[in-house]
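Q: Could you walk me through the hydrophobic and aromatic side of this one? I'd like to start with the rings and then move on to the core and the surface.

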Amino acid sequence: MNFKFSKRVPNLDDDVVGEILKVAGDPEIISFAGGLPAPELFPVEAMHQAADKVFEKYGKDALQYTATIGNVKLRESIAHRMQTNKFVHTSIDNICITTGSEQSIDLVAKMMVNEGDVILVEKPTYLCALDVFKSYGAKVVGIDMDEDGMLMDALEAKLTEYSEAKLIYTIPNFQNPTGRTMTADRRQKMVEIAEKHNVVILEDDPYGEIRYSGEVVPPIKHYDENGTVVYMNTFSKILAPGMRLGWIVADKDFIDAFVVMKQSADLHSDNLSQYIVAQYMEDNDLDKHIQSISDEYKKRATMMLKEIDEQFPKGVKHSNPEGGMFIWVEVPGNVNTMDLFYNCVKHNVAFVPGEPFYPDEVIPGTFRMNFSNMKDDQIHEGVRRMAVAINEMM
C-alpha cells in the first residue's frame, strides 16, 4: 500500500534521534544518552499501597470514564503545591491533567500554531518540543542563551523582527539540554516583553523541584498577572514516568479551549493513574520523596562533573547545573559531534549529540550527558571511555 501520509509525519529515514537511542540501548554500551529517572528511587511500595487503597475505596469509579479536565482531588493537590512550592496562586478551574508533558506541548502547539507561524525557543532546546512544533508547520526561531538562560535583549530583538510570533517556549529550570537556570530578573523581564508584544509564554518545568544547590527561583508564571503564561509540569521526574501524568496551569479561557482540544485527542488522561497519584499524595510526603531524589542526583552530578574535569582534554567546557538531570558539554574546535558520537560508540559509551537540540544553526562540538540513571562505576568508566574518544577526535 502506498500510504499518502500528511506533512506532519516525519521522514523516517531522517530519524537521527531514534538511531542514536537504538545504538545507545546496546547493553554493552554505557549510555549517558537517555533522560531517564533512576528507577531504584521510584516509590514502588508506597504506590502499591495507594493502588490497593484506590481499588478498595474507588474501584468502580477509577475504572470508569472521567471528566477531561481531570480528577478533582488530584487537581486540588496540584493547586495546593502550586501555591506552597511554586508561589503561584491558582484554583482547580485553572488546572487540567494531561497525559505527560508531551501531550501538553502537542495540544498547546495544535491550539496556537498555523502553518508558517513563528515560535521562539532557547538555542538549544528540548528536541521533542522542536519535533512537535515543526510537525504543525511552525517556523522555529532560536534565541541565544548564556549560563543565566535566554538573553532578553535577543528575545526582544526577535519579537521586533517577527512581530506576529505566536509563542515563546522556555525551560527556565535546569534546562534540557544545557542544565542552565534562568535568573529571576530575566523571568520577570520575559513576562514584560511577552505582554508588550502580545505573545504567549509556554513554560515547561519538568525538573524544577529537583534542585540540589543554589536558591529556589519562582517560575515565570509567578510573575504573570494577565494570563500571559501557560505553565506545564509532570509527575514523570518526581514520581514515575510510567504513570504518564502531567498538568497545565493557565487562564480559564485557555483551559476551556484546551479541554475541548484534549477531548478529541484522548477523552481524558488515565483515570486509574490519576486516582493512584492523588491517593499517594494524600498518604505520603511528596516533598520528602523529592528531596531523596535530589540528594542522589546531587551525588551523581557531582561525580560526573569531577570525572569530566579530571579526564576530559583541556579546553572542554561544561555547564554546572544546580538541579535536574543533564550536563551540556562543548568541545573546542570544529568537531563534528555525530562523528564524535560514533567514535564514542566504538569505545562502548554514548551521549546525545547537540544537533537535534538546535532549531536552526548548529554549534559544533556540543552534546548532552545524563547522570540521573547512572551508578558510580558507570560514571567513572563511561567518562574515561569518552575522554579517550574525544582525545582521538581532537
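A: To begin with the rule for rings, those of Phe, Tyr and Trp (its six-membered ring) count as a pair if their centres lie within 6.5 Å, with planes under 30 degrees apart called stacked, over 60 edge-to-face and the rest tilted. Please keep in mind that this is a predicted model.

Q: OK, and how many aromatic pairs does that rule give?
A: By that rule the count comes to ten aromatic pairs.

Q: Take Trp328 and Tyr358, what kind of pair is that?
A: The ring centres of Trp328 and Tyr358 are 6.3 Å apart and their planes stand at 55°, so the pair is classed as tilted.

Q: And where do Trp328 and Tyr358 lie?
A: Trp328 belongs to strand β11 (residues 326-330), while Tyr358 is in the loop between β13 (352-353) and β14 (366-370), so the pair ties together parts that are 30 residues apart in sequence.

Q: What about Phe341 and Tyr342?
A: Phe341 and Tyr342 make an edge-to-face pair, with 5.1 Å from centre to centre and 75° between the planes. Phe341 is buried, with a relative accessible area of 0%, whereas Tyr342 is partly exposed, at 41% relative accessibility. Together with Phe351 and Phe367, Phe341 and Tyr342 form one aromatic cluster.

Q: Switching to the core: which residues have the most contacts inside the largest one?
A: The largest nonpolar core has 102 residues, and those with the most contacts inside it are Phe133, Tyr169, Phe235, Phe312, Phe367 and Met369. Helix α10 (residues 286-311) supplies the largest share of this core, namely nine residues. Apart from that core lies another of 21 residues, including Ile168, Ile193, Val199 and Ile201.

Q: What is Met369 in contact with, leaving aside its neighbours within four places in sequence?
A: With those neighbours set aside, Met369 is in contact with Phe32, Met304, Ile308, Phe312, Met325, Phe326, Ile327, Val329, Phe351, Val383 and Met386.

Q: Last topic, the surface: which residues make the nonpolar patch of about 520 Å²?
A: That nonpolar surface patch is made by Met1, Phe3, Phe5 and Val9. Met1 sits in the segment before α1 (16-24), and with a relative accessible area of 83% Met1 is exposed, since the cut-off for exposed is over 50%.

Definitions and conventions:
Residues numbered from 1 in each chain as written. Predicted model: local features only at pLDDT ≥ 70, side-chain atom pairs only at ≥ 80, totals over all residues. Heavy atoms only, no water. Patch = residues over 30% accessible without salt bridge, like charges linked within 9 Å, V, L, I, M, F, W, Y side chains within 5 Å. Areas by Shrake-Rupley, 256 points an atom, 1.4 Å probe, with all protein chains shown as cover. Salt bridge = Lys/Arg side-chain N within 4 Å of Asp/Glu carboxyl O. Helix = DSSP H or I, 4+ residues; strand = E, 2+ residues; numbered from the N terminus. Buried < 20%, exposed > 50% of the residue type's maximum accessible area, 1.4 Å probe, protein only. Core = buried A, V, L, I, M, F, W, Y, C linked by side-chain atoms within 4.5 Å. Contact = heavy atoms within 4.5 Å.
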